[in-house]
Amino acid sequence: MRKISSMSGFRFGVTATMLLCELCGAVESLTAEDGWRKHTVYSGAHCSTAVAADFTGDELVDVICNAGGATRLLVAPNWTEVILDAGSRRGLIHSETMDVDRDGDPDFIGTVYSPGLIFWLERPADALRDRWTYHLIDDQVDGIHGLLVGDVDGDGQADLLANSAQPTGPLANSLVWYRAPTNAAEAQRWTPNVLAKGDAPGFSHYLGIGDVNGDGRPDVSSAAKGGPQDADGLGEWFAWWEAPADPTSVWKKHLLADKQLGATNIHPADVNGDGQTDFVASRGHGHGLVWFEAPSWKMHDIQTTFEGPHCLAVIDLDGDGDIDAATCAKDDQVAAWFENDGKGNFTTHVIGTEQAAYDIRALDMDGDSDIDLLIAGQVSRNVVWYENPTRGSK
């Protein structure tokens with residue numbers, strides 16, 4: 001086996017498993033409904049998060065996941081594995097991809113839950129052979145479950161959002177956002193701007209971003225699971241925070257619903273086509289998915305029985321111009337998408353079984369101009385993507 005050594009304790013290698021995949025091609029199987037085809041990118045260890053982008057510059061979409069204590073670059077089309085970071089940091093709970101240093105290629109951002117840590121790996125000139133340099137973003141937020149890239153301050157540059165879900169530390173029960181420093185590779189750490197100052201208690205999870213009230217400024221949404229860990233009973237809510245004129249000041253919280261056991265995900269989107277921003281949400285440590293209809297925030301069921309829909313994607317999956325949704329239930333181990341009729345009535349389509357997930361991403365994995373689904377399976381110990389059969393069917 002050929003191994004490529006590098007400086008600073010990083011090591012790179014091609015594993016025997018992935019060499020086998022080079023010979024036999026990606027593992028595939030047909031699912032029962034809709035013709036969505038399942039492709040296995042990685043298998044072998046618990047994996048909470050995976051992101052995708054063209055990390056090697058060959059115009060193919062690659063994957064970076066964190067599994068078995070290592071951050072792994074999986075190179076398309078045969079998913080050849082390169083170890084970016086082996087054992088020098090604890091397992092990651094979430095990640096993002098962002099051109100942090102604005103050099104035209106995607107970098108990797110990872111986070112550890114607690115004690116909190118956010119860092120980025122700088123994509124080098126040769127992504128397969130050169131060292132991906134580690135840079136600290138912040139270690140003062142604790143309980144970081146969600147990361148999200150978006151333009152918070154409207155300057156046309158990507159920013160980073162994170163949560164501090166633990167009731168301890170200098171930023172307890174808060175949501176923060178960061179501007180990437182101009183010279184990010186030289187920065188010692190990034191400065192957190194606190195948008196939710198102590199008013200996001202109860203173990204918040206993921207984040208959403210979008211203009212909710214039509215004032216031209218992006219607002220932020222989040223959810224908190226509550227449950228046995230939440231001794232003070234402050235969780236079980238969906239909420240959004242209204243952006244002020246100065247986004248570096250504290251934002252105004254708006255509660256959408258409480259008594260939502262296991263609430264984890266919430267994304268703004270116009271669900272029923274009336275020009276107003278609604279919300280799509282899931283109870284990833286409970287059951288089911290819902291949407292909230294603006295302006296009264298009436299709650300509608302999307303699906304009521306799935307146990308542990310811990311991940312959520314909100315996007316047009318069938319190319320008909322309205323907003324659909326997708327999840328993979330970590331406890332039921334069912335992957336599904338939810339077809340919107342354009343008025344907020346959803347039909348459930350199961351596309352895979354015996355597949356768990358902590359993380360889901362919606363993007364075009366194969367370059368055929370429709371949206372596929374990338375899933376990081378924790379207890380199923382794999383990373384897979386489901387190929388959308390929409391192209392040419394509409």
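**Salt bridges and their surroundings**

Analyst: Asp-331 and Lys-330 are joined by a salt bridge in which the closest N and O atoms are 3.1 Å apart, the term standing for a side-chain nitrogen of Lys or Arg within 4 Å of a carboxyl oxygen of Asp or Glu. Lys-330 counts as buried at 11% relative accessibility, whereas Asp-331 is partly exposed, with a relative accessible area of 38%; buried means under 20% relative accessible area, exposed over 50%, and partly exposed in between, with a 1.4 Å probe and protein chains only.

The model is a predicted one, in which local features need pLDDT of at least 70 and side-chain atom pairs count only at pLDDT 80 or more, while totals for chains, interfaces and linings use all residues. Residues are numbered from 1 along each chain as its sequence is written, and side-chain values use heavy atoms, with hydrogens and water left out.

The structure holds 10 salt bridges, and one of them brings together the side chains of Glu-81 and Arg-72, with 3.1 Å from N to O. Glu-81 is buried, its relative accessibility being 1%, and Arg-72 is buried as well, with a relative accessible area of 12%.

A further salt bridge connects Asp-105 with Arg-123, whose closest N and O atoms lie 3.8 Å apart. This pair links distant parts of the chain, 18 residues apart: Asp-105 sits in the loop between strand 9 (94-98) and strand 10 (107-112), and Arg-123 in the loop between strand 11 (117-122) and strand 12 (133-138). Strands here are DSSP runs of E with at least two residues, and helices are runs of H or I with at least four residues, both numbered from the N terminus. Asp-105 counts as buried at 15% relative accessibility, and Arg-123 is likewise buried, with a relative accessible area of 9%.

Salt bridges also link Glu-96, Asp-359 and Arg-361 in a network.

As for the setting of these pairs, the protein chain has one helix and 31 strands, and of its 394 residues 57% count as buried. Among contacts between residues at least 6 apart in sequence, 46% join residues at least 24 apart, a contact meaning heavy atoms within 4.5 Å. The chain exposes about 15300 Å², of which carbon and sulfur atoms supply 48%; accessible areas come from the Shrake-Rupley method with a 1.4 Å probe, and for residues only the protein chains shown count as cover.
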